[in-house]
Amino acid sequence: MGGCDSECWSKVYFVPLIAALKAITIDDMGKEALNAGLKKIEIQNRADTSNASRFAASFEGGTLLLDNKPHTNVDDVKDRTQSIQSLLESKL
């Protein structure tokens, strides 16, 4: 893993999360919905998931949970972004 640690974590978790949040908050309606609904974000590696199309994410009780292996399929940023955005939009 070595030098991949910070880049992998960024691409797997943070870059898609930030892009999804930016897409949702592009207008006032999205900002208000996100502000009212999202209370907490948890990032973990427990589901043993590595495929971006099966990105283990859930949104319950105001908590967005992202659960994915941080060192696999690192470059599938777009797929993870769409997964997070779709999940939030469906639940907000």
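Modeller: The structure holds two aromatic pairs; rings of Phe, Tyr and Trp (its six-membered ring) are paired if their centres lie within 6.5 Å, and planes under 30 degrees apart count as stacked, over 60 as edge-to-face and the rest as tilted. One of these pairs is tilted and joins Trp 9 to Tyr 13, at 5.0 Å centre to centre and 50° between the planes. The model is predicted, with local features needing pLDDT of at least 70 and side-chain atom pairs counting only at pLDDT 80 or more, while totals for chains, interfaces and linings use all residues. Residues are numbered from 1 along each chain as its sequence is written, and side-chain values use heavy atoms, leaving out hydrogens and water.

Trp 9 and Tyr 13 are separated by about one helical turn, because they stand four residues apart in helix H1; helices (H or I, at least four residues) and strands (E, at least two) are DSSP runs, numbered from the N terminus. Tyr 13 is buried, with a relative accessible area of 0%, whereas Trp 9 is partly exposed at 34% relative accessibility. Here buried means under 20% relative accessible area, exposed over 50%, and partly exposed in between (1.4 Å probe, protein chains only). Tyr 13 also pairs with Phe 14: their ring centres are 6.4 Å apart and their planes at 65°, so this pair is edge-to-face. Phe 14 is partly exposed, at 37% relative accessibility. Through these ring pairs, Trp 9, Tyr 13 and Phe 14 are linked into a cluster.

Trp 9 and Phe 14 also take part, with Ile 18, in a nonpolar surface patch of about 280 Å². Accessible areas come from the Shrake-Rupley method with a 1.4 Å probe, and for residues only the protein chains shown count as cover. Ile 18 lies in helix H1 and is partly exposed, with a relative accessible area of 45%.

Definitions and conventions: Patch = residues over 30% accessible without salt bridge, like charges linked within 9 Å, V, L, I, M, F, W, Y side chains within 5 Å. Salt bridge = Lys/Arg side-chain N within 4 Å of Asp/Glu carboxyl O.
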